[in-house]
Amino acid sequence: MKPETRNRLIAVGAILVAGAALAWIAFGNIGDNLVYYWKPSEMVAQGEKAYGATVRLGGVVVPGSVVWNPEHTSLSFQVADTHAPTAVRVTVKSEQTPPQMFREGIGVVVEGSFQSDQVFRTNRLMVNHSNEYRAPTDGGMPDDVMKSLSQADPQKT
Amino acid sequence: MNSTLGYGLVLTGLLCSAFAAVVGIVTGLMRKESALPMVQKAVYGFAASMIGSNLVMVYALLSHDFSVKYVAQVGSRSTPVIFTIVSLWSALEGSILFWGAIMGAYLFAFAWMYRKEHGRYMQLSLGVMAAVATFFAFLIAGPANPWTHIANPLADGPGPNPLLQNHPLMIIHPPMLYLGYVGMTIPFGIAAGALLRGELGDAWLVPLRKWTLVPWTFLTVGIILGSWWAYAVLGWGGYWAWDPVENASFMPWLTATAFMHSTMVLEKKKSLKLWTIALALASFVLTIIGTFMTRSGVFNSVHAFTQSDIGPTFLVFIGILLVFSVLLIALRGHMLVAESQLGTIASREGSILLNNLVFAALTFVVLLGTLYPLITEGLFHKKITVGEPYFNQMALPLSLVMLFLMGVGPMLPWGQADPKVTQRQALIPGGVGLAIVAVCYAFGYRGVMPLTAFGFAGFVTVVTLRELFLPAQQRMSEQKESLATAIFVSASRANRRFGGYVVHLGIVIVMVAVAASSAYKVHTTGTLKTGEAMQVGSYKVRFDGLERGKEPHREWIAANLTIITESGAEKQYRGADAPRMNFYERSTDPVGSPTVSERIVSDVYVSLLSYDANGGSASFNMWVFPLVGWIWYAIPILVLGALISLWPQRKKAAAPAPVAAAEAVPGAP
């Protein structure tokens, strides 16, 4: 084998190994960082598998369920499926001030995780705006989530 | 009236571009060069009609002609004039029309600059570019037609999206990004034309590089301005969230940057040819994929295709582009065989090769994370997103390697490095880097990633400054020139290299700012009554009460603030300068806008979460971001570097063939 050919083979081999390693790490890493988009009924249907996963839970705030304590910035409310508000209810707890738009009966998406004590703890509460464009803000809600919410809710365009 | 004229111009543009594409490609392949003037004229025709159609649209917007569908969609009598003009690109149809105008301007500029002196590939290149233009003209004429006539127009419209009326950055950011995206058509056309023609020489490499650097500069500025806009307008306390729209602009930037480096190896060593051309083609294809992702609504859901008319059209186009690019490389790749072997890894070309692999890896990581949700939803009907941590964990180490290579590369000579020389050269920069880490550590800054970034940044800065000023210093001692003359002469002798290093300095500033602002940010949230204050980092923020205000197109409620520094200096933010909730006439929900108190060393960032008008209290999100402003302050440095690189060597430098070889030389140290 000529040294040139050998060098080339070594180089190609090294790049292939590096590429395979990168793909392996990337796929592994992506698996650890998936955010599931679930409705309350879908999340509860997962059973124990849902515990601990990062979830974006989308639904409506159940009227009469909001408890807001400004002294300790602790917020608690229930979220139900948008189109079946009485079926499944998930209790959500947050330690942040809710955005101005937050109220009972409004569509929300909360990002956080469901624990075995049946409480969904969130650090990110997003309210369903009815404008056309949505940017990833604390007050607004990402496009993908928005879409499925508004499709389920005939009042929103 | 406006609809008919505007649509007529679009159709004229479509005809011109289709004609230019067919004639350019067919006669080009038949090698009938006499047809070139016809192609050029058709290209001019396309440019004129597209720009004309945009002017008619601006007129229709300004005269509130609600019989035009697009005006009815985004126009409003209460919108200020400047935002009325800007609404040309504030929704889908208008932005694609605007796209057409930019395409026209680029094609005109390219065809005009090379109207006299050009390679034989010109006809085919113009043909390929015109084919891309035909696609966009077709989109405007059909699926995304803004000119549809409305028989019974309403007296007023809803006005553009409130988020886009909130900040002057929205005036400049989209055009910059479009200029970056659309401009990648030109290098694609040059490369495709030259390969189709079977042009074996290197004459087309100089225009290819220059016409990649132009859109690269716009793309860079557009991306940074976009992050600035997100930061200053959206109020969620950040500038980059790895969302698909951002990733879409970042990927072609990565491949174009890689191209700009590998093209040096190509010119110097006649090697990495295939790879370099593949990068040029990929940059263009990625801009089209990016446009598709941001414009077709695919990221609402894969199944939103039925709702968006342009999605399927785009997919077909992307398919054609991919097949075309792969065929081009498969059929003409044999022309692109390396004429020399690459030496060891410890050389300039070795470091550039490594840099390219890192860029490719980063592009792969971003592409995978962006497309993964689409794939899982398409295949498994599972709705997921990929969290930000994935991108950060993957991109951070790769970026650090890139930063390190920015210092190593310029230090190594072409060919073979002498270990002793390299060691001696690395002594001072390495020492400075270590000193910076030590000083940061002594001042209480912790964290492996940010400290590594600061250390590497110091190392790169010293290496780059030395490369920038060493030639000038030599001139000063040998030619007895003054400092200014020496810098000017050495910079203009090797303007491409000099400009490149200036860009490197800008990138170092951006990377340091990103590292510092993400590692050492402080966040607090809380509710304040009037007169109360809270601490965020070393600053105190006092709430001075709510204030209401009214503008023609919106009303707002602001939470007046006073920001107090450690030394007790106070700065007041009142009314329009304070964090607000804006209420737009035709939008039911408020849009918040934060207050950013910009300082050289750190920004204080306050956004209003909610207010209680009766109780006189308000809730805030507050951040302190160290050095964050330097991300945007680096823009002038980046632009300056690009302009120095683009500056023509001599008047004749625009001519491709003979000067090309001479121009490649300044790339050497």
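Here is a short tour of one chain, stop by stop.

This is a predicted model, where local features need pLDDT of at least 70, side-chain atom pairs count only at pLDDT 80 or more, and totals for chains, interfaces and linings use all residues. Residues are numbered from 1 along each chain as its sequence is written, while chains are lettered from A and ligands numbered from 1 in the order in which they are written.

**Stop one: a helix pair.** Select residues 92–113 of chain B, which is helix 5, and residues 169–183, which is helix 7; their axes come within 9 Å and cross at roughly 60 degrees. Helices here are DSSP runs (H or I, at least four residues), numbered from the N terminus. Axes are lines fitted to C-alpha atoms over the stretch in contact, with angles from 0 to 180 degrees between N-to-C directions.

Now show side chains: helix 5 of chain B brings Phe98(B), Trp99(B), Ile102(B), Met103(B) and Tyr106(B), and helix 7 of chain B brings Tyr178(B), Leu179(B), Val182(B) and Gly183(B) to the contact. Contact means C-beta atoms, placed from the backbone, within 7 Å.

**Stop two: two domains.** Colour domain 1 (1–160) and domain 2 (522–630) of chain B; these bounds come from an automatic or database domain assignment. Their centres, taken over C-alpha atoms, are 43 Å apart. Five residues from domain 1 of chain B and four residues from domain 2 of chain B make the contact.

**Stop three: a leucine.** Pick Leu640(B), in helix 20 (residues 635–646) of chain B. Its C-alpha atom is 43 Å from that of Thr376(B), 264 residues apart along the chain.

Notes: Helix = DSSP H or I, 4+ residues; strand = E, 2+ residues; numbered from the N terminus. Contact = placed C-beta atoms within 7 Å.
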